[in-house]
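Please read the following briefing alongside the sequence and the three-dimensional structure. It is arranged by topic for a reader new to the subject.

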Amino acid sequence: MASIQTSLDTLLTADGALCAAVVDSASGMMLGAAGSGVDLEVAAAGNTEVMRAKLKTMRALGLSDTIEDILITLGKQYHLLRPMAQKEGVFIYFVLDKAKSNLALARRKLQDVEKEITF
């Protein structure tokens with residue numbers, strides 16, 4: 001098991017990793033952050049809205065499933081949002097340089113880190 005900061009630092013070892021944060025989706029506040037390249041406070045608040053919207057849509061559709069992760073592909077970056085299975089209402093936000101990263105490996109690292117993080 002690893003602390004929030006240790007877990008975020010581990011994410012940043014992925015090829016092309018720029019920054020990462022653990023976010024409370026009830027408030028949009030960060031519980032931890034690492035890296036640079038994106039204003040993480042603004043991103044945490046904004047991506048909280050993305051997470052809420054997707055969950056609301058799933059409820060409206062009557063889907064009884066969970067979100068594994070949400071991928072937002074920009075021209076130069078990947079933005080991954082992964083809800084934490086062990087801590088409802090918390091997600092990990094991970095930003096990668098598209099040209100320098102391997103999306104499959106980054107998603108796998110994010111999955112592994114999510115399993116090990118402790119509060």
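Is Lys54 buried, partly exposed or exposed? Lys54 counts as partly exposed because its relative accessible area is 38%; buried means under 20% relative accessible area, exposed over 50%, and partly exposed in between, with a 1.4 Å probe and protein chains only. The model is predicted, so local features need pLDDT of at least 70 and side-chain atom pairs count only at pLDDT 80 or more, while totals for chains, interfaces and linings use all residues. Residues are numbered from 1 along each chain as its sequence is written, and side-chain values use heavy atoms, with hydrogens and water left out.

**Lys54 and helix 2**

- Lys54 lies in helix 2; helices (H or I, at least four residues) and strands (E, at least two) are DSSP runs, numbered from the N terminus.
- Apart from neighbours within four places in sequence, Lys54 is in contact with Ile67 and Ile70, where contact means heavy atoms within 4.5 Å.
- Between the C-alpha atoms of Lys54 and Ala17 there are 25 Å, and the two residues are 37 residues apart along the chain.

**His79 in strand 4**

- His79 belongs to strand 4, which covers residues 77–83.
- His79 counts as buried because its relative accessibility is 9%.
- The side chain of His79 forms a polar contact of 2.8 Å with the side chain of Gln77. A polar contact is a pair of N or O atoms within 3.5 Å; within protein, one must be able to donate a hydrogen and the other to accept it, and residues adjacent in sequence count only if both atoms are side-chain atoms.
- A polar contact of 2.5 Å links the side chains of His79 and Tyr93.
- Not counting residues up to four places away in sequence, His79 touches Ile70, Leu71, Ile72, Leu74, Tyr93, Phe94 and Val95.

- Pro83 and Ile67 are 16 residues apart in sequence, with 6.9 Å between their C-alpha atoms.
- Among the residues that Pro83 touches, with those up to four places away in sequence not counted, are Met51, Ile67, Asp69 and Glu114.
- Asp69 is found in the loop between helix 2 and strand 3 (70–73).
- With a relative accessible area of 18%, Asp69 is buried.
- The side chains of Asp69 and Arg107 are joined by a polar contact of 2.8 Å.
- Arg107 is one of the residues that Asp69 touches, beside Leu80, Leu81, Arg82 and Pro83, when residues up to four places away in sequence are not counted.

**Ala21 and Gly32**

- Ala21 is in strand 1 (residues 17–24), whereas Gly32 is in strand 2 (residues 29–35).
- Ala21 is buried because its relative accessible area is 0%, and Gly32 is buried with a relative accessible area of 12%.
- Ala21 touches Leu8, Met30, Gly32, Ala33, Leu40, Phe91, Ile92 and Tyr93, not counting residues up to four places away in sequence.
- Beyond neighbours within four places in sequence, Gly32 is in contact with Ile4, Leu8, Ala20, Ala21 and Val22.
- Ala21 and Ser7 are 14 residues apart in sequence and 9.7 Å apart in space, C-alpha to C-alpha.
- The C-alpha atoms of Gly32 and Leu105 are separated by 22 Å, and these residues are 73 residues apart along the chain.

**The largest pocket**

- The largest pocket holds about 400 Å³ of space. On a 1 Å grid over the protein atoms alone, a pocket is an open set of points where a 1.4 Å probe fits, with protein on both sides within 12 Å along at least five of seven lines; lining residues have an atom within 4 Å of a point. A volume is the space filled by probe spheres set on the points, and grid points are joined across faces, edges and corners.
- Its lining consists of 17 residues, of which Leu55, Pro83, Met84, Glu88 and Gly89 lie nearest the centre of the pocket.
- Helix 2 (40–60), strand 4 and strand 5 (90–97) are the elements that give two or more residues to this lining.
- Helix 2 supplies the largest share of the lining, three residues.

**A charge over a ring**

- The charged end of Lys87 sits over the ring of Phe119, 5.4 Å from the ring centre; a charge sits over a ring if NZ of Lys or CZ of Arg is within 6 Å of the ring centre and within 35 degrees of the ring normal.
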